[in-house]
Amino acid sequence: MYGWLLPRVGRRWALLLTALWFGALIALVILLAAEPKAGFRYDDL
Amino acid sequence: MQVLELSWLGWIAASIIVCWALPGRWRPWGIAAFALAFLAVEDPPSAAILSVMAAITWWSGARGGGQRPGIAAVVVLLLGALAAFKVAMAGGGFALPLGMSYYTFRCVHYALERFKKSLPPHTASEFVAYLFFLPTIVAGPIHRFPEFHRDLKRTRLGGDLVSEGLERVLYGYAKILVVSGWLIQEQLQPWIAGLEPAHAWLSTYLYMLSAGYMGYLTFAGYSDIAIGASRLTGFRVIENFNNPFASRNIVEFWRRWHISLTSWVRDYLYATVFSLTRKPYLAALSAMLVIGLWHEVTARYVIWGLAHGLAVAGCQWYQRRRAGGTAPSSRPRAMLGAFAGWFVTFHFVMLSCVFVMHDFDRAMDIYRTLLTGRP
């Protein structure tokens, strides 16, 4: 993502946007860490 | 044991650290030891059964080289063991050894390629590391030995692999927990259920789509986590999905969905049946039937496999018939054809998912509502 942003918005914005994006994703994953219920599981084969 | 459990993540993190800390010649043993220790702690019978399968596979290559009946017997033995466990599991008598479905196909791949003498020169430790590779042992992908062997030569973990690996692991968790679990299951599906009974058809249709996407995102998420963890260990394993719901026909769909399984079936089953019989439709039907049975040895997966086999055979027949014809005369006609192809493929896949994701009565209720509009 950083590599894609770098030539488009410059180093500072690329760093900031990348940090925000991954920070938000990590926060969401931790906050919503409840696995969906499923009748069939691919990690049980 | 599930990929999302924190203990699994702990095992993965520890194995990555230890594997990179070990000197190069000890690395394959370190990789295998970690996966075996994980199996022994989580499910000791799985460790024993998979070890026996590894010994048979190695022995077949070391002793049976060049003997066609010998290699056939080993393949039948490996696949027979998987089938026996699946039948026992369907009857409720047994739990399948951890990761056995993926593991067996890796063993068969190794045994057949070694028989064909197409593998690079390697040691027993590299073979054991390939089979007992923690990131892919629980939920695939069914990666191949030559690529794994190539990456074993890697001596340092570059920044690109670390960045790609962490990113894939995070995207995998986000697909499962945020999009599939929270957005679709907790937010969207209750809202869809609230549409009934006034909008029974719309509610059922949206539910079918949401359940299909949930299944896809969850499995694609597992694959992302496995691929990301593999990169952190220094290995680039095969991709498992390539935007499958954008496919414009069912053959294309199966080139984009669970790619490691479908490419295995194409190379070792479809090609074999086709070369023996010269009947592509029979080869397609048997390939899809085996993919169905690989999931579960139950009537619903037999029907699902046959339905997909007939669809693939039908698509192949249509493509051959059109091959000699003329291309669409105008751009709008071509676009309309592409849209129709996507529409039919997408809905066929979603409707077939209903059949295997629910019990028979519930699946029939969903089909009835979609056909009649009545709840």
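# Walking through chain B

Nine residues of domain 2 of chain B are in contact with seven residues of domain 3 of chain B. Two residues are in contact if their C-beta atoms, placed from the backbone, lie within 7 Å. On the domain 2 side of this contact, six residues are nonpolar, three are polar and none is charged. Here Ala, Val, Leu, Ile, Met, Phe, Trp, Tyr, Cys and Pro count as nonpolar, Asp, Glu, Lys and Arg as charged, and the others, Gly among them, as polar.

This is a predicted model: local features need pLDDT of at least 70, side-chain atom pairs count only at pLDDT 80 or more, and totals for chains, interfaces and linings use all residues. Residues are numbered from 1 along each chain as its sequence is written, while chains are lettered from A and ligands numbered from 1 in the order in which they are written.

Now take the whole chain. Chain B is assigned domain 1 (6–152), domain 2 (159–232) and domain 3 (244–372). Such bounds come from an automatic or database domain assignment. The C-alpha centres of domains 2 and 3 of chain B lie 22 Å apart. Chain B has 16 helices and zero strands. Helices (H or I, at least four residues) and strands (E, at least two) are DSSP runs, numbered from the N terminus.

How compact is chain B? Its radius of gyration is 22 Å, close to the 21 Å that the globule rule gives for 375 residues, so chain B is as compact as a globular protein of that length. The radius is taken over C-alpha atoms, and the rule is 2.2 Å times the number of residues to the power 0.38. Along its principal axes, the C-alpha trace of chain B spans about 65 × 50 × 50 Å. Buried residues make up 39% of the 375 residues in chain B. A residue is buried if 20 or more other C-beta atoms lie within 10 Å of its own, exposed if 12 or fewer, and partly exposed in between; C-beta atoms are placed from the backbone.

Look next at helix 2 of chain B. It has 16 residues and reaches 23 Å from its first C-alpha to its last, close to the 22 Å expected at 1.5 Å a residue. The expected span is 1.5 Å times one less than the number of residues. Its buried residues include B:Ile31, B:Phe34, B:Ala35 and B:Phe38. Seen down the helix axis, the buried residues fall within an arc of 155 degrees, so they line one face of helix 2. The arc is that of the directions from the helix axis to the C-beta atoms. An α-helix has 3.6 residues a turn, so residues three or four places apart point the same way.

B:Trp29 is also found in helix 2. With 16 C-beta neighbours inside 10 Å, B:Trp29 counts as partly exposed. B:Trp58 lies in helix 3 (residues 44–63) of chain B. Leaving aside neighbours within four places in sequence, B:Trp58 is in contact with B:Ala124 and B:Phe127.

Finally, visit the loops. B:Pro141 sits between helix 7 (134–137) and helix 8 (145–152) of chain B. A cis peptide bond joins B:Gly140 to B:Pro141, with omega about -5 degrees. B:Lys117 is not a glycine, yet has a positive phi of about 60 degrees. B:Lys117 is exposed, with 8 other C-beta atoms within 10 Å.
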